[in-house]
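Good morning, and thank you for coming. Please look at the screen.

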Amino acid sequence: MERFHNLMKIWVLLIFAGFLQLGNGFYLPGSYPHNYGIGDYLNMKVNSLTSIDTEIPYSYYSLPYCLPQGGIKDSAENLGELLMGDRIENSPYRFKMYTNETDIFLCQTKPLSADEFKLLKKRIDEMYQVNVILDNLPAIRYTKKEDFMLRWTGYPVGAKVQDSYYVFNHLKFTVLVHKYEETNVARVMGTGDAAELIPTVGNDGSDAPGYMVVGFEVVPCSYQHSGDTLKKLNAYEKYPSPINCDPGTVAMAIKENEPVAFSYEVSFVERDDIKWPSRWDAYLKMEGAKVHWFSILNSLMVITFLAGIVLVIFLRTVRRDLARYEELDKEAQAQMNEELSGWKLVVGDIFRAPSNPSLLCVMVGDGVQILGMAVVTILFAALGFMSPASRGTLISGMLFFYMVLGIAAGYVAVRMWRTIYVGDHKGWMSVSWKAACFFPGISFFIFTILNFLLWHSNSTGAIPFSIFVVLILLWFCISVPLTLVGGYFGARAPHIEYPVRTNQIPREIPPQKYPSWLLVLGAGTLPFGTLFIELFFIMSSIWMGRVYYVFGFLFVVMILLVVVCAEVSLVLTYMHLCVEDWKWWWKSFFASGSVAIYIFLYSVNYLIFDLKSLSGPVSATLYLGYSLFMVLAVMLATGTVGFLSSFWFVHYLFSSVKLD
């Protein structure tokens, strides 16, 4: 044990050093305001092509677009970006701060080969969007539908009109800028494509104003350039005739063995009403706030209803029975023991070890880890530490908190194991290992299968092999040791003592009028009722390309969900005890954990009715695979809440009874 204690000290030091290195190795974008002087170059970047039709991202340069003069270079990314399928690269588009330019010729591609022509048509049919970024802001596109103004991020690859395919080859950019309040200051660049420290704004100490980018808009157009004119033009030269950018018409039809020319224009608009901290407001316009409030009120109604039942159980039933029992003398108690009914009859079996106790302890430990990760991550996001402006930080934060909370998983799993076996600490190492590998192992298996599908599709959503190695190292070098540390402390902690003794011979459970598991599965409808409205917004964020940002609402809904799960499990456990069913361990877990079944059914419903355009077996498999992963995590977290609340209730109930 002493040797293990010394090993743990070494592991803690190594883990701390590893976290420091992890923080230095990946850059979190969007952290600093970038101050540009007039005439400074702004380099636009490109992200993966995305589509709500397939949910499979592809590299921007998988299509025949213009290449940067210095070659394609990956931008600084963090682990969360890579796991989300973002592949941010440099682009040939470049602007000068506060310098309007029109009719800028970019390049003319080689004649389209048969494969390139076929691929372009396929991407247009699949409604792929081009995602471009300037100063960490995605390009936003406005379209008017009837009397409503719709906002989109990115722009379509092209459009199909009748039987012809047209590509959007002329882009009209609008950069919204805000004057920097101070001059003659050194400024920090955080984009990874310039030196860290930049000279002060203006030349020779002049007071020329600096500007910050506070908005980025794009209007895509399809324009037919003159072939003879293009032969005389070089990149970034002005097109001789004015280009009329009309988004309502298309002109550049793509044809096999014919090139495609690309051009752009850019204008700068100064906006004093948009400050740098609020530049993301255009992307995070709060829509449907009333719906979120309705979700919370709906949850509160369910909680109030269940709380009333719990109060009835405690105040009227349990308290009354206990008071009557304590008032009797010994002879009356002995006589009453013969006439006992309901939960008082199972006193000698209530703490009998459940079937598969090791699996139950492991699932409860993993549930504590997942629930803790979710609460801390959502809380940090609600406080603004994980803004959508910082791409990938949400996923990176979830990974970080999950690994750290491995200590809680090991501690809870081993201590519950020792409690079930009345203080015996043998086998705690095995339980810790299982807790460290159960949920991550299943997740790794699911993601490996899905990753092979993405690899086969040449998608940027596929996790590179090097990142796979990093994830495995994080799992076995950080998460597993921390779980073992938690198990070590759980083995040393005193076990929870049972208030009553367990009989050697188990009591026979009377036949029930209805299957008890049917009631357990039906109990999941109540937690689902508190969650399903917010679930729609979450699903839309993941699969419809919308930005989810109302983490304050989500945090409140999550707290309400935890309360409902605890109440549901507690009520059902009491109902089972009243009919002399003492096998409550697993039933209390799945009473609240069964909400995962309804979430999965909702996911299937969302796939059929909301993602009607989702095409191909690969896309459907990806959707169902990710949904299965989400459902597993929800089941472990909610089931743990139900089990722990029922364990506390049963322990409290029978510790108040003095029976021989």
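Which residues of H8 are buried? They are Thr-393, Gly-397, Phe-401, Tyr-402 and Met-403, where buried means under 20% relative accessible area, exposed over 50% and partly exposed in between, with a 1.4 Å probe and protein chains only.

Before going on, I note that this is a predicted model, in which local features need pLDDT of at least 70, side-chain atom pairs count only at pLDDT 80 or more, and totals for chains, interfaces and linings use all residues. Residues are numbered from 1 along each chain as its sequence is written, and side-chain values use heavy atoms, with hydrogens and water left out.

The chain has 660 residues, of which 50% count as buried. Its secondary structure comprises 17 helices and 17 strands; these are DSSP runs numbered from the N terminus, helices being H or I of at least four residues and strands E of at least two. Contact means heavy atoms within 4.5 Å. Of the contacts between residues at least 6 apart in sequence, 83% join residues at least 24 apart.

Let me return to helix H8, residues 393-404.

H9 is mostly covered, eleven of its 15 residues being buried. Among them are Trp-417 and Arg-418. The buried residues of H9 pack against H7, H8, H10, H11, H15 and H17. After H9 comes Val-422, with a positive phi near 50°.

Next, a helix pair. H14 (residues 551-578) and H17 (residues 617-655) pack with their axes 8 Å apart, at an angle of about 50°. Axes are lines fitted to C-alpha atoms, for helices over the stretch in contact, and angles run from 0 to 180 degrees between N-to-C directions. The two helices are therefore oblique to each other, since angles under 35 degrees count as roughly parallel, over 145 as roughly antiparallel, 65 to 115 as roughly perpendicular and the rest as oblique. Residues making the contact include Leu-561 and Cys-565 of H14, and Trp-648 and Phe-649 of H17.

Finally, Ser-59 lies in the loop between strand E2 and helix H2. Ser-59 counts as buried because its relative accessibility is 19%. Leaving aside neighbours within four places in sequence, Ser-59 contacts Leu-49, Glu-89 and Thr-460.
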